[in-house]
Amino acid sequence: MALPWSCRAAQNAAGSPGNPRGPNPTRVVAARAAAMVSNPVHGLPFLPGTSFKDLTKTAFHRSQTLGYRNGYAVVRRPTVGIGGNRLQVNQLSQADLDELANSIPILTYGQPRQAPPAAFIPAHVAFDKKVLKFDAYFQEDVPMSTEEHYRIRQVHIYYYLEDDSMSVIEPVVENSGIPQGKLIKRQRLSKNDRGDHYHWKDLNRGINITIYGKTFRIVDCDKFTQVFLESQGIELNPPEKMALDPYTELRKQPLRKYVTPKDFDQLKQFLTFDKQVLRFYAIWDDTDSMFGECRTYIIHYYLMDDTVEIREVHERNDGRDPFPLLMNRQRMPKVLVENAKNFPRCVLEISDKEVLEWYTAKDFIVGKPLTILGRTFFIYDCDPFTRQYYQEKFGVSDLPRIDMSKKEPPPMKQESPIPEDKDRQFVLSYFLATDMISIFEPPVRNSGIIGGKYLGKTKVIKPDSSVENPVYYGPSDFFIGAVIDVFGHRFVILDTDDYVLKYMESNAAQYSPEALLSIQNRIQKQEAPAPELDGQRVEEEPGVQDMEALIDTIQKQLKDRPCSDNIREAFQIYDKEASGYVDRETFFKICGSFQLPVDDSLIKELIRMCSHGEDKIDYYNFVRAFSS
């Protein structure tokens, strides 16, 4: 049975049992729509003989779907079809529209063509000249510096993507004194003991990495590095502030600016006192130390800048190297601040911050000592210009001239046949508890013999005794004038102290008549009649009579005695309170400088009578013994 054409078209569209492709929904819907449009007559099937033309239709053009609005092309949906027939809106049902939307394109168009694979690009080409840059720093200890204890060194860490190598570069800082530049050359760096190397995934901001024992702190990275890591899915830590080196920041601080006070003008002082120098003559007495001596110096004070210079005066054949200066020209501090006493002046210059008061011209006075750099100089004279300056500036017109010339000591009787033993004096001590003897030799300058302990405590055998029956020296063998033979050396006792005299008086039975006579002679020398005025004896106190007699005896005995005025001025230098007393150490120091025979028995007695207490000596009465 033959089907009509329209039915066959629908059957072909739906597919036949022999059609392997099956029904095509698109074709079925299209055929269905065509059948509805082709048969406008309602109620009649679309069959041959049942379709009729509308003779009234003369326009069979397509509707215009393109228009313009406000100058822009606008697509319009057609409302009438060919022949002027009005088109129905939404001719397809929702089910048909869903079927069309869910249709698989592969059933209509077939299998899609595969895109050709991309060409292979090696890593050294893909990542050529692509470098990750990180800003970092590390801390370095500075153990041998007093100004800094550690140092912050800023570096750049570069990671090369083409071969996963790294390098560390330190920017060069001018005048840093540190070898800078390439700290670690480009190479793959190990991150642990297993041999694993650092990868760009291990790097981030705000972390520490250890390279060859040094810990680097990564604080930031550049823009390219940030974009690359974020594109690879790495979450970057927030950037940190770069640590600064404290010593470098200290050097960046501006220098101190000094403002000259209005009441002081250095230029005016320079122009007014240029080439004007005060000259002082001084001595440095170093006789208290071993091999010390009394040296002469010239002190120059430059008025133009208040600097001091000390020059040493050399004599011909004095045995010293001819160094012209003891102290170079410089300002001398007089009073330092409390915390600057341990200031290293040998390597650093002293500024006004460490000094409370500097030496000025008014501190240099003739006849008074002056301490400079630990040495005490005694100023004994100055030149005429200095005298005139002090008279005009300070009103001082009577600057003294102190005679510091050396005088030869009086010759002493030789005590030994050996020439080298000339002028040697000793102190013998006898210990009653052990019957031992010790001998001490006071040091004498320029004698060629080092003084000190001559003989330690030991028992000494008399020369006329035998080895089998030794006889030792006893207390009765020691008296004034006795000769003591000590191991072949003969010592003549010249004087004794007061304790020996008292012991001999209380134990007179132990001593021979010769020993007792020596005591009487010594006491008779100390006794002298009271002074007489016009044949009448002046009644004085016993102590005063003894002192006057002793002073008179010393004046008669000492022929070549030094000038008493020089000795008195020397004592007055140290007696700043003008009390008439000085301590024992200063007393014997001055006596040694004038080479006074303090070991003489009469002068010893005078010193004893002038003693006041345990540490003070009256030098007024002592100096009277040396007046003419």
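**Exercise 1.** Classify Val 75: buried or exposed?

*Solution.* Start with the cut-offs: buried is under 20% relative accessible area, exposed is over 50%, and partly exposed sits in between (1.4 Å probe, protein chains only). Val 75 comes out at 70% relative accessibility, so it counts as exposed.

A word on the model: it's predicted, so local features need pLDDT of at least 70 and side-chain atom pairs count only at pLDDT 80 or more, while totals for chains, interfaces and linings use all residues. Residues are numbered from 1 along each chain as its sequence is written, and side-chain values use heavy atoms, leaving out hydrogens and water.

**Exercise 2.** What is the order of the open sheet of three strands?

*Solution.* Two strands pair if DSSP finds at least two bridges between them. The order is 24-26-25, paired antiparallel. That puts strand 24 (581-583) and strand 25 (611-612) at the edges, each pairing on one side only. Now zoom in: strand 24 and strand 26 (residues 616-618) are antiparallel and joined by three bridges. Within that pairing, Asp 583 has Lys 616 of strand 26 as its bridge partner.

**Exercise 3.** How much of the chain is buried?

*Solution.* Take the 628 residues of the chain: 26% of them count as buried. For the secondary structure, tally 16 helices and 26 strands, where helices are DSSP runs of H or I with at least four residues.

How values were computed:
Helices (H or I, at least four residues) and strands (E, at least two) are DSSP runs, numbered from the N terminus.
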